[in-house]
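Please look through the sequence and the 3D view below before reading on.

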Amino acid sequence: MKIAWAVNGVLVAVLLVSLGTGTRSMVGAAAKRLETGESLEASKKAVPVIAQKAEESFCTPELKETLRRVLTNCGLIGGGRRGCQPNELRNVAQISDQDFNTLFKPLSHRAGIILFDPEKDDLDEGAKQMLDRLWADQRGASWFFVVARASTDDTAERNRVYSHRRANSVLFHLQERFKDPDLEQKVGLLWLGEEYAQLDASFCDWSLSRPVEECRIPERTRAQETQLAKRLNRSAVVSWIDCRL
């Protein structure tokens, strides 16, 4: 009998503590509603929004699958190398040049195109300002893609080197500017040279780090189209990726 009373006493004590904790929580929540003017129903509806991060509408199953392959095979998930070269990326992404660019076009509102001078990899002031602004606009995203390219002005080997250096220039600036100890775990470098997923005139609509004169010409000659392609592909496309993988 004494044991039964002791057990019952413990149960009552636990119940009282639980009730006390729950009461304090309810009182705290009520005080917050009084302070903010929020209704009980509104506070209940807000819980799922806080618990689950919203995902952008462009995060299609196809984009997610491509991102997963790229992130895994280019060293962003699971460690190892950090980046992919053009001949590797074509096999890793398992999609054509055109399809690769099409998948990323919905990012136009989120991304920017950093432009470089011929045979150069240094960032001008406009590029630095754009990069700082885009990096600061993380919004809870996990991956920051840097997809660097080169125009067809030089040999494929040299253009591969130019695009690699341009990707590194972006990374080095972010490291120096923000001093984030986890930065290398967030930034993914892809250097495509002239060999994979070249940009076309439709990318004139994206945010550019400097004006491109040929983008403002409504009816371009073939020579102007060629010059436009060269300008757009001496570049690095940079963007946070909001998709949950």
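## Helices, sheet and a loop residue

In helix α3, the residues T66, R69, V70 and N73 meet L89, V92 and A93 of helix α4, where a contact means heavy atoms within 4.5 Å. Sorted by class, this contact of α3 with α4 has 4 nonpolar, 2 polar and 1 charged residues; here Ala, Val, Leu, Ile, Met, Phe, Trp, Tyr, Cys and Pro count as nonpolar, Asp, Glu, Lys and Arg as charged, and the others, Gly among them, as polar.

The model is a predicted one, in which local features need pLDDT of at least 70 and side-chain atom pairs count only at pLDDT 80 or more, while totals for chains, interfaces and linings use all residues. Residues are numbered from 1 along each chain as its sequence is written, and side-chain values use heavy atoms, with hydrogens and water left out.

The protein has 8 helices and 4 strands, and from the N terminus on its elements follow the order α-α-α-α-α-β-α-β-α-β-α-β. These elements are DSSP runs numbered from the N terminus, with helices being H or I runs of at least four residues and strands being E runs of at least two.

Two helix pairs can be set side by side in a table. Their axes are lines fitted to C-alpha atoms, for helices over the stretch in contact, and angles run from 0 to 180 degrees between N-to-C directions.

| Helix pair | Angle | Distance between axes |
|---|---|---|
| α3 (residues 61-73) and α4 (residues 86-93) | about 135 degrees | 9 Å |
| α6 and α7 (residues 156-178) | about 70 degrees | 11 Å |

Angles under 35 degrees count as roughly parallel, over 145 as roughly antiparallel, 65 to 115 as roughly perpendicular and the rest as oblique. The helices α3 and α4 are therefore oblique to each other, whereas α6 is roughly perpendicular to α7. The crossing of α3 and α4 is right-handed, and α6 likewise passes α7 in a right-handed crossing; a crossing has this hand if the near helix is turned clockwise from the far one by less than a right angle, and is left-handed if anticlockwise. Between α6 and α7, the residues K128, L131, D132 and W135 of α6 meet V170, H173, L174, R177 and F178 of α7, and the residues of this contact divide into 5 nonpolar, 1 polar and 3 charged.

Turning to the strands, 4 of them form an open sheet in the order β1-β4-β2-β3, with mixed pairing. The strands β1 (112-115) and β3 (187-191) stand at the edges, each with a single partner strand, so one side of each is left without a neighbour in the sheet. Neighbouring strands of the sheet are turned by 20 degrees against each other on average, direction ignored. Helix α6 (residues 125-136) packs on this sheet and touches β1, β2 (143-148), β3 and β4, its direction making about 155 degrees with that of β1.

Strands of a sheet pair through backbone hydrogen bonds, either parallel or antiparallel, and two strands are said to pair if DSSP finds at least two bridges between them. Strand β1 and strand β4 (residues 235-241) run antiparallel and are joined by 4 bridges, with I114 standing opposite A236 in β4. The pairing of β2 and β4 is also antiparallel and covers 6 bridges, and the bridge partner of W143 in β4 is I241. By contrast, β2 and β3 pair in the parallel sense over 5 bridges, and in β3 the partner of V147 is L190.

How many residues of β4 are buried? The count is 7 of the 7, so β4 is largely enclosed by the rest of the structure; buried means under 20% relative accessible area, exposed over 50%, and partly exposed in between (1.4 Å probe, protein chains only). From β4, S235, V237, S239 and I241 point one way and A236, V238 and W240 the other way. Strand β3 is mostly covered, with 5 of its 5 residues buried; V187, L189 and W191 point one way from β3, and G188 and L190 the other way. In the protein, buried residues make up 37% of the 245 residues.

Finally, K120 lies in the loop between β1 and α6, and this residue is partly exposed, with a relative accessible area of 42%. The C-alpha atoms of K120 and R166 are separated by 7.9 Å, although the two residues are 46 residues apart along the chain.
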